[in-house]
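This report covers the strands, the chain layout and the overall dimensions. The sequence and structure come first.

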Amino acid sequence: MEPFNDEDIRMYFYENRLKTFEGWPFNEDCKCTPENMAKAGFIHTPSDNSPDIAMCFFCLKELEGWEPEDEPEKEHQSHSPSCYFIALKKKVEELSVEEFIKLQKERHKSIISKSCKEAVTKFEEAAKLRRAEIIKTAMGEE
Ligand SMILES: [Zn+2]
């Protein structure tokens, strides 16, 4: 992974996150507006069945089932207390290069850990199926 790949750092910027909230179901008279969502680090990642899925671009935590009175920053903190981005005291634009590189390292850790978890889940599912087949075969041979 290139540490300064354009695509990879794009979502560090508020404006780019905000642009993803097209079609977001909460716009007026509520706390989880696109602006507040983007400020709290979220990007909009809807699926066919759930138009309100949002994911932190940094820790990759996905949250859905938003209510108008949900405060994006608080929700982010409570569901992902170890996220470095939500704990950041400065704006990304104000970070030193060194601070930014450290942050990027943490982000890549989140990406790797998420893909490992997905791989483990896939493996476990495959193993479960295989085990079931083995048992079936063994029973049949009795
Ligand atoms: Zn996060």
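## Sheet and overall form

Ala-54 stands opposite Leu-63 in β3. The model is predicted: local features need pLDDT of at least 70, side-chain atom pairs count only at pLDDT 80 or more, and totals for chains, interfaces and linings use all residues. Residues are numbered from 1 along each chain as its sequence is written.

Strand β2, residues 54-56, is joined to β3 by 2 bridges, and the two run antiparallel. Strands count as paired if DSSP finds at least two bridges between them. The open sheet has 3 strands, ordered β1-β2-β3, with antiparallel pairing. Because β1 and β3 each have a single partner strand, they stand at the edges, and one side of each is left without a neighbour in the sheet.

| Edge strand | Residues |
|---|---|
| β1 | 42-44 |
| β3 | 62-63 |

The chain contains 6 helices and 3 strands, where helices (H or I, at least four residues) and strands (E, at least two) are DSSP runs numbered from the N terminus. Along the sequence the pattern is α-α-α-β-β-β-α-α-α.

The radius of gyration of the chain is 20 Å, whereas a compact globule of 142 residues would have one near 14 Å; the radius is taken over C-alpha atoms, and the globule rule is 2.2 Å times the number of residues to the power 0.38. Along the principal axes, the C-alpha atoms fill a box of roughly 70 × 40 × 25 Å.

Of the 142 residues, 22% are buried, that is, with 20 or more other C-beta atoms within 10 Å of their own, the C-beta atoms being placed from the backbone.

Definitions and conventions. Buried ≥ 20, exposed ≤ 12 C-beta atoms within 10 Å, placed from the backbone.
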